[in-house]
Amino acid sequence: MLADGSWEQDVADRLTDRAGDAWEHLTRDRRRRNCKKLAQMARTILKAQDKIHQLAGELASQAAGVAGVCGAALDFTRELARRIPIGPVGAKLTAAARAIQIAGIALCLMNGRDLTRCECFIDLALAETKERVSQILETRLGKFAELARSGPAPFGAGPAVG
C-alpha cells in the first residue's frame, strides 16, 4: 500500500469511518502542530489509564483498611488491585490512544514530514519497542531461570555416540 500511494485514501476512509468529518477537517488544516497536539492527547489518555489503576489500588486499600487489614497485607492488597487489568475500559483507552497516534503519523506522512520528527511515531515506536524488549527479556530470563533450576548436565550425560 505504501509503495503505490493508495494508502492515503485507505487510511482516510478508515479514519473517516471512525471519526466522521473530524478527520476531513484535520487533514484540511495544514498546521504543523496537529501531530504534536494528537501526540499530547494520546499521552493524556494513557496517563488517565494509569490514574485509573492507581485509583483502583487506593480504593482497594481503603476498603481493606476499613476491614482492619494493615501492614504488609494492606500494601499487597493495594499493589494487587493497582496491577489488575481494568478490562474493556483499559483496552478501549489504549486503542483510542493508538488510533490517535496512527492518525498523527498519517498526517505527517501525507504532508511529507520526516517520521523521526513525528511525535506520534516516536511515542508509538518507543511504547512498542519497550513492550517487545520486555517480552524478549521475560522469555530469556525465564529460560535462564529454568536452566539454573535444572543445573548443568553432568559430564558424560550427553547422548550416547555409537
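Predicted model: local features only at pLDDT ≥ 70, side-chain atom pairs only at ≥ 80, totals over all residues.
**Entry 1: what covers α3**

The buried residues themselves are Asn34, Cys35, Leu38, Ala39, Ala42, Ile45, Gln49, His53, Gly57, Ser61 and Ala64.

I then checked the length of α3, which runs over residues 33-66. Its 34 residues should span 50 Å at 1.5 Å a residue, and I find the end C-alpha atoms 49 Å apart, which agrees. Just after α3, I noted Gly68 with a positive phi of about 95 degrees.

**Entry 2: the chain as a whole**

I counted six helices and zero strands in the protein. Along the sequence the pattern reads α-α-α-α-α-α. Of the 162 residues, 22% are buried. I also looked at contacts between residues at least 6 apart in sequence, and 63% of these join residues at least 24 apart.

**Entry 3: α3 against α5**

How do the axes of α3 and α5 cross? They come within 9 Å of each other and cross at roughly 170 degrees. An angle over 145 degrees counts as roughly antiparallel, so α3 and α5 are roughly antiparallel to each other. I recorded their crossing as left-handed.

On the α3 side, the contact is made by Asn34, Cys35, Leu38, Met41, Ala42, Ile45, Leu46, Gln49 and Ile52. On the α5 side I listed Gly90, Leu93, Thr94, Ala96, Ala97, Arg98, Ile100, Gln101, Ala103, Gly104, Leu107 and Cys108. By class, the residues of this contact are 14 nonpolar, six polar and one charged.

**Entry 4: α3 against α6**

I find the axes of α3 and α6 8 Å apart, at an angle of about 35 degrees. α3 contributes Cys35, Lys36, Leu38, Ala39 and Arg43 to the contact, and α6 contributes Glu119, Cys120 and Asp123. I sorted the residues of this contact into four nonpolar, no polar and four charged.

**Entry 5: α5 itself**

I repeated the length check on α5. Its 23 residues should span 33 Å at 1.5 Å a residue, and the end C-alpha atoms are 32 Å apart, which agrees. The buried residues of α5 are Gly90, Ala97, Ile100, Gln101, Ala103, Gly104, Ile105, Ala106, Leu107 and Cys108. Just after α5, Gly112 has a positive phi of about 70 degrees.

**Entry 6: α5 against α6**

α5 and α6 pack at an angle of about 135 degrees, with their axes 8 Å apart. α5 passes α6 in a left-handed crossing. The contact is made by Arg98, Ile100, Gln101, Ile102, Gly104 and Ile105 of α5, with Cys120, Phe121, Asp123, Leu124, Ala127 and Glu128 of α6. I sorted the residues of this contact into seven nonpolar, two polar and three charged.

**Entry 7: Ile105**

I picked out Ile105, found in helix α5. Is Ile105 buried or exposed? Its relative accessible area is 10%. The cut-off for buried is under 20%, so Ile105 is buried.

Which residues does Ile105 touch, not counting those up to four places away in sequence? I find Leu115, Cys118, Cys120, Phe121 and Leu124. I also looked up Ala39, which is 66 residues from Ile105 in sequence and 9.5 Å from Ile105 in space, C-alpha to C-alpha.

How values were computed: Residues numbered from 1 in each chain as written. Heavy atoms only, no water. Helix = DSSP H or I, 4+ residues; strand = E, 2+ residues; numbered from the N terminus. Expected span 1.5 Å × (residues − 1). Buried < 20%, exposed > 50% of the residue type's maximum accessible area, 1.4 Å probe, protein only. Axes fitted to C-alpha atoms, helices over the stretch in contact; angles between N-to-C directions. Parallel < 35°, antiparallel > 145°, perpendicular 65-115°, else oblique. Left-handed = near helix turned anticlockwise from the far one by under 90°. Contact = heavy atoms within 4.5 Å. Nonpolar A, V, L, I, M, F, W, Y, C, P; charged D, E, K, R; others polar.
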